[in-house]
Amino acid sequence: MTLFQRPRLLIAFATFAIAVAALTTVAARTQGQVREFSVVGRDFAFSPAAIEVQRDDLVKISFAAADIAHSFTVDEYRIAKRAGAGQTVVFEFRADRAGSFSFYCNLTQDDRCRQMRGRLVVR
Ligand SMILES: [Cu+2]
């Protein structure tokens, strides 16, 4: 190899290294972070009533129905998880859709379940 060729090799290597670094960054961003929340349904309300995550986060929710059975339902994410009285359900989903979505209880055992509203914000 001549002296003339070496800088080109160096540039090629540097370009490759930058490309790998850029791809790794993109992959990390697409994968998102793992975000865990404990939500309680009690007295016909959710606590907390607002959940905020970043797009592509993996959201893990532990939903407990503290008094009677309740559900955690988000239509846009096709989530409808029911927890029996005094029980907890754990589930996860990828927040791959940005926006502000309401979560609610879709059970019909008591009319007051209709008051149960929360908000999922995906930034
Ligand atoms: Cu309910």
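This tour moves from the whole chain to the sheet, the hairpin and the core.

The model is predicted: local features require pLDDT of at least 70 and side-chain atom pairs count only at pLDDT 80 or more, whereas totals for chains, interfaces and linings use all residues. Residues are numbered from 1 along each chain as its sequence is written.

**The whole chain**

Display the protein as a cartoon. One helix and nine strands are present, in the pattern α-β-β-β-β-β-β-β-β-β along the sequence. Helices (H or I, at least four residues) and strands (E, at least two) are DSSP runs, numbered from the N terminus. Of contacts between residues at least 6 apart in sequence, 61% join residues at least 24 apart; two residues are in contact if their C-beta atoms, placed from the backbone, lie within 7 Å.

**The open sheet**

Next, select β2, β1, β4 and β7. These four strands form an open sheet in the order β2-β1-β4-β7, with mixed pairing; two strands pair if DSSP finds at least two bridges between them. β2 (45-47) and β7 (88-94) stand at the edges with a single partner strand each, so one side of each has no neighbour in the sheet. Neighbouring strands are turned against each other by 25° on average, direction ignored; the axes are lines fitted to C-alpha atoms, and angles run from 0 to 180 degrees between N-to-C directions.

Now select residues 34-42, which are strand β1. Three bridges pair β1 with β2 in the antiparallel sense. Show R42, which stands opposite A45 in β2.

**The hairpin**

Select residues 70-74 (β5) and 79-83 (β6), antiparallel strands joined by five bridges. Show H70 and its bridge partner in β6, A83. β5 and β6 form a hairpin with four residues between them, and R78 in the turn has a positive phi of about 55°.

**The core**

Finally, show the side chains of I51, V59, I61, F63, A65, F72, A83, A95, F103, L120 and V122, the 11 residues of the largest nonpolar core. Such a core is a set of buried Ala, Val, Leu, Ile, Met, Phe, Trp, Tyr and Cys residues joined through C-beta atoms within 7 Å. β4 (58-65) and β9 (117-122) each supply at least two residues of this core, and β4 gives the most, with four. Centre the view on I61: leaving aside neighbours within four places in sequence, I61 is in contact with F37, V39, F72 and F91.

Buried residues make up 15% of the 123 residues in the protein. A residue is buried if 20 or more other C-beta atoms, placed from the backbone, lie within 10 Å of its own C-beta atom.

Note on methods. A residue is buried if 20 or more other C-beta atoms lie within 10 Å of its own, exposed if 12 or fewer, and partly exposed in between; C-beta atoms are placed from the backbone.
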